[in-house]
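Visitor: Could you take a close look at the charged side-chain pairs of this model, and then at one helix packing?

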2 protein chains.
Amino acid sequence: MAAVISPATSLRFNPCSTLRFITGLPRKLSHHILFPPISRRHSSYYFRRSFCSAVPAGEAAEKTKPDVSKDWKVTRGEKVGEFRKKLRISEIKGGRDEGLDRLGQTFVVKGWVRTLRVQSSVTFMEVNDGSCISNMQCVIDSTTEGYDQVESGLITTGASVWVEGVVVASQGSKQKVELKLQKVVMVGKSDPSYPVQKKKVSREFLRTKAHLRPRTNTFGAVARVRNVLAYATHKFFQENGFVWVSSPIITASDCEGAGEQFCVTTLIPSSGEPASSDVGSIPKTKEGFIDWSQDFFGKPAFLTVSGQLNAETYATALSDVYTFGPTFRAENSNTSRHLAEFWMIEPELAFADLDDDMSCATAYLQYVVRHVLENCKEDLDFFNTWIEKGIIDRLTNLVENDFVQLPYTDAIELLLRANKKFEYPVKWGSDLQSEHERYITEVAFGGCPVIIRDYPRDIKAFYMRQNDDGKTVAAMDMLVPKFPTQALVWGSKDLCSLSLE
Amino acid sequence: MAAVISPATSLRFNPCSTLRFITGLPRKLSHHILFPPISRRHSSYYFRRSFCSAVPAGEAAEKTKPDVSKDWKVTRGEKVGEFRKKLRISEIKGGRDEGLDRLGQTFVVKGWVRTLRVQSSVTFMEVNDGSCISNMQCVIDSTTEGYDQVESGLITTGASVWVEGVVVASQGSKQKVELKLQKVVMVGKSDPSYPVQKKKVSREFLRTKAHLRPRTNTFGAVARVRNVLAYATHKFFQENGFVWVSSPIITASDCEGAGEQFCVTTLIPSSGEPASSDVGSIPKTKEGFIDWSQDFFGKPAFLTVSGQLNAETYATALSDVYTFGPTFRAENSNTSRHLAEFWMIEPELAFADLDDDMSCATAYLQYVVRHVLENCKEDLDFFNTWIEKGIIDRLTNLVENDFVQLPYTDAIELLLRANKKFEYPVKWGSDLQSEHERYITEVAFGGCPVIIRDYPRDIKAFYMRQNDDGKTVAAMDMLVPKFPTQALVWGSKDLCSLSLE
């Protein structure tokens, strides 16, 4: 039995092809820019898609001749081919029996060479296609077509290759199957100075080779986990009947005044050359103020600090909605608690109270974490071993434990009764400090995630609904054990995949 | 048999509750900001979620007393409740037999009053919950708890209500079932001046009432279709093994130089008050240039014009990836072909050629359109009747027809042979005009979507791969019949839900 993944006979590919699809938002900022201005004039966009095949800089791609047949019928054209999902290494090795169920089948793998071990009669080449951390071990000998490229040292670590071979049982202990190659084609060669070799490299070093970082185990794993988290986010809300709303990014509104805003302008020359940014060339009025009428939108415009206002107008029409898009804060505060640019999810529930909020938040968090545990097992194993020991247990704990809710007032009482001396005093009306939160989740509730609700009015935002006691508001914070003072991090502080305000 | 959707006994809800989830991106723009800087320092974010219940401005919400039990065990807390999907009008009326299968069942509907017809012994109230265009007709008589609120005229069009009733067969011709109410509760009252009454209102007028626009049929339908398109986009790429990459929005790179950029800065006071934007207060160097070292990122920063460069670094590590996020162009060109802010999808296929590009583009377009046809039937019927006659046929045509591909050179030959006089001359090397494209799709190929490929090098971007003929590049444009000169519009030019560059 043989299954060959296209293209198996003729080879004509580029390392990278680009498609572009555009969904439109409007050009003009009008008075009501705070609402998604779907119906603005000039918002239609010419229906054209520009597709191109791009060769990324720095990677020389050797191409075989295209075998494009030249006998097009001008009056007939030719049918566009069927789009087929590629079979990836993750599916071969992640399948039943780690690939043993596919013995004897022929596969094509397209990826990048991780290591190459040349032995007297046989060469072992590890190829990674980015679908998982695992490489496919490829066995090459003199019967392999293209063996000369291996023998001559043309194919090295970092090269992109197209290989075709038969799945055979592996003699090695690291994998159950390997690919005995019939054919190897080098698609793009690699420089001997290729920096992502087998030895471990620091993240500081990788920052100087940012275009190659995704080829490391760590960055690849983070990208896959982020992807699963993002998709699980959409799945959760869609399955629960929420409508995704894309709130405007450029806005004249500062929502609830949540933070400092970045100004968006074309009054400053956009070349990025300091020498071309003459302050004197900024249009100004007689009084010496910036002449906003000459700016792109004819008035000051900013990056959104929150899509909440827009989402609310949709929630009070469509019921439950959510935003999931980038948000910006310009506070000049370089702490681990502040970000200049982040993707934020803002669900708005109609006809809901704080209990519904808490239920939704809990269900959401457990849903996405469960998705990661189920779909990123190998990546989490990697984090667990190399980045953050115990991460899998902590995430499993999050999914399997019931969340507990506790009013702020009770939390204060609990802390006052605690047989523990805190650095910061415990006092009704003060915000909880990390040490307090840690005590609550880790000691008082033995590792359970805890939601603190009904905070004092004076330490929360103005727009939160006041409770009937006149002193507290219907607000809540979710505390997750072992994540008290940092983001919910996959791996380490440096690897922020999902954090929750 | 009775199915009651919570809350059925005690009522304590706000019109709108907010959740916030934040996924982190970094604060610091460093040298390599063009790559998603996942591992930057300071990128972790404090794990806290601020939840609040917000009452939207302009809608007074009357609340019943909360029945929160006060006997919390300080040391025990209380379990967070289960999150349950709401049953919506779309599911009741969109089910088998349009709701007749649910006769005798008890339901709770939460929504907004569209119309109210008071008759001598009975009142008909149409309630919409945003799940579909259809309202639920509610029948109220003197036996209904809360009838006095209807009788006294307190509940009017636009009010938000909570109703509970039994599904009965409707005598009316417009619907098969209606809800005979046992109870009606007004959650938020409406002003007599509420502008979205039954009569048709212009979009120009609605622009001045932007916070209420989503309650109209048109805006509600557009929002639902956009949502289905966006989710189908993620589904398509995820099911085909693509990894979603969130490329940075604030960037120091201008990618392929695709367009003019907006500058992002904190050097200009962000209050938005013209009087506070004194040009003299912008920090400058001795030479009179803007002192970028005092800006937020210490250097000029801009809004991204494309995530392609970032996506390419991931595509050459993870294989197929896609971006789906906002993009910005600052060209001062107020045409229907340009947008200042738009959401763009940029798939990057590794080891792919133009044929794969075309297959992917075709499969994607057919997939998302099929999703809309299947999931937004009522909304499309509305567009078909009121906004754009024939839209359903055209979309069905798109899904059911094979797409045809044709090299640019053949397209020129076809146009030269055409028995038609064009306004713009047909000449190899010139870009195709709308009239040419229309002839190709509508006349020459009788309504088939056509992809034109292999354009002359000189009319395409510098980074496109040159074909072996030395004259053309591996680029393509997709032409869809009847959408030749405007966006793929659900409804009209004004209602741009998905357009494709």
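**Salt bridges and a helix pair**

Guide: A:R457 counts as partly exposed, at 37% relative accessibility (buried means under 20% relative accessible area, exposed over 50%, partly exposed in between, with a 1.4 Å probe and protein chains only). The model is predicted, so local features need pLDDT of at least 70 and side-chain atom pairs count only at pLDDT 80 or more, while totals for chains, interfaces and linings use all residues. Residues are numbered from 1 along each chain as its sequence is written, chains are lettered from A and ligands numbered from 1 in the order in which they are written, and side-chain values use heavy atoms, leaving out hydrogens and water.

The partner of A:R457 in a salt bridge is A:D458, with 3.6 Å between the closest N and O atoms (a side-chain nitrogen of Lys or Arg within 4 Å of a carboxyl oxygen of Asp or Glu). A:D458 itself is exposed, its relative accessibility being 67%. Over all chains, the whole structure holds 28 salt bridges.

Another of these pairs joins A:R453 to A:D355, where the closest N and O atoms lie 2.8 Å apart. This pair connects distant parts of the chain: A:R453 belongs to strand β17 (residues 450-456) of chain A and A:D355 to helix α6 (residues 354-375) of chain A, 98 residues apart (helices are DSSP runs of H or I, at least four residues, and strands runs of E, at least two, numbered from the N terminus). A:R453 counts as buried because its relative accessible area is 5%. A network of salt bridges links A:D355 and A:R453 with A:D454.

In chain B, B:R417 and B:E413 form a salt bridge whose closest N and O atoms are 2.6 Å apart. Both residues lie in helix α9 (residues 408-417) of chain B, four residues apart, about one turn of the helix. B:R417 is exposed at 53% relative accessible area, whereas B:E413 is partly exposed at 33% relative accessibility.

The helix packing also belongs to chain B. There, the axes of α4 (residues 217-239) and α6 (residues 354-375) of chain B come within 9 Å and cross at roughly 135° (axes are lines fitted to C-alpha atoms, for helices over the stretch in contact, and angles run from 0 to 180 degrees between N-to-C directions). Among the residues that meet are B:V225, B:L229 and B:F236 in α4(B), and B:A363, B:Y367 and B:H371 in α6(B) (contact means heavy atoms within 4.5 Å).
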